[in-house]
Amino acid sequence: MSLQDSYKDVLDVAKTVGAQVEPREENGKLIIKGKVGYAFDRDRIWDQIKAKHSNWQNEIMVMLDVTHNDPYGVYTVKSGDTLSKLAKDIYGDMKLYPKIFELNKDQLKNPDTIKVGQVLKLPPKSIANA
């Protein structure tokens, strides 16, 4: 089995987040090089690698340029989402939902009212946890 096959789940995440990547195998490592829109998307790729591949340090190298440095990322609201759910999923703490609300006051009037299809800006993890 090739490393590209072993890391198909990672390449699928890269595709899902819209990353433009060129995977290749070289000297026994999978090298993923390319561009991704936001740091949030890059981090989602890394989260997949670290969660599913115990030997990743020896098998993969990822070099992704981030094209948009601000905001940390964007998220399109889906049915069932709340700001606290997003805060828990993204930052690991549902109590950080006010940080998402503050960054999106241009389109949100109430943190309890978000609509399916809205595209919310996400604050950086460093600001969210400050």
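Biologist: Buried means under 20% relative accessible area, exposed over 50%, and partly exposed in between, using a 1.4 Å probe and protein chains only. Which is Asn-27, buried or exposed?

Modeller: Asn-27 is exposed, because its relative accessible area is 77%. This is a predicted model, where local features need pLDDT of at least 70, side-chain atom pairs count only at pLDDT 80 or more, and totals for chains, interfaces and linings use all residues. Residues are numbered from 1 along each chain as its sequence is written, and side-chain values use heavy atoms, with hydrogens and water left out.

Biologist: What does the chain average in pLDDT?

Modeller: The average for the protein chain is 93, and 97% of the residues score at least 70. pLDDT is the predictor's confidence in each residue, from 0 to 100.

Biologist: Which elements have the lowest and the highest mean pLDDT?

Modeller: Helix 7 (residues 125-128) has the lowest, 70. Helix 2 (residues 8-16) has the highest, 97. Helices (H or I, at least four residues) and strands (E, at least two) are DSSP runs, numbered from the N terminus.

Biologist: How many helices and strands are there?

Modeller: The protein chain has 7 helices and 5 strands. Their order from the N terminus is α-α-β-β-α-α-β-β-α-α-β-α.

Biologist: Back to Asn-27. Where is Asn-27 found?

Modeller: Asn-27 is in the loop between strand 1 and strand 2. These two strands form a hairpin with 2 residues between them. Asn-27 has a positive phi of about 50° although it is not a glycine.

Biologist: Which peptide bond is cis here?

Modeller: A cis bond joins Asp-70 and Pro-71, with omega about 0°. Pro-71 sits in the loop between strand 3 (60-68) and strand 4.

Biologist: How do strand 1 and strand 2 pair?

Modeller: Strand 1 (residues 20-26) and strand 2 (residues 29-38) pair in the antiparallel sense over 7 bridges. Two strands pair if DSSP finds at least two bridges between them. Pro-23 stands opposite Ile-32 in strand 2.

Biologist: And strand 5, what does that pair with?

Modeller: Strand 5 pairs with strand 4 (residues 73-76), in the antiparallel sense over 4 bridges. Thr-76 has Val-119 in strand 5 as its bridge partner.

Biologist: Which residues of strand 5 are on the covered face?

Modeller: Leu-120 and Leu-122 are on the covered face, while Val-119 and Lys-121 are on the uncovered one. In a regular strand the side chains alternate between the two faces of the sheet.

Biologist: Change of topic. Is Ala-14 buried or exposed?

Modeller: Ala-14 is buried, because its relative accessible area is 3%. Ala-14 is in helix 2.

Biologist: What does Ala-14 touch?

Modeller: Not counting residues up to four places away in sequence, Ala-14 touches Ala-19, Val-21 and Ile-45. Contact means heavy atoms within 4.5 Å.

Biologist: Now Val-116. Buried or exposed?

Modeller: Val-116 is exposed, because its relative accessible area is 61%. The residue lies in the loop between helix 6 (97-103) and strand 5 (119-122).

Biologist: What is Val-116 in contact with?

Modeller: Leaving aside neighbours within four places in sequence, Val-116 is in contact with Val-77, Lys-78 and Ser-79. Val-116 and Asp-81 are 35 residues apart in sequence and 8.1 Å apart in space, C-alpha to C-alpha.

Biologist: Last one. What share of the residues counts as buried?

Modeller: Of the 130 residues of the protein chain, 38% count as buried.
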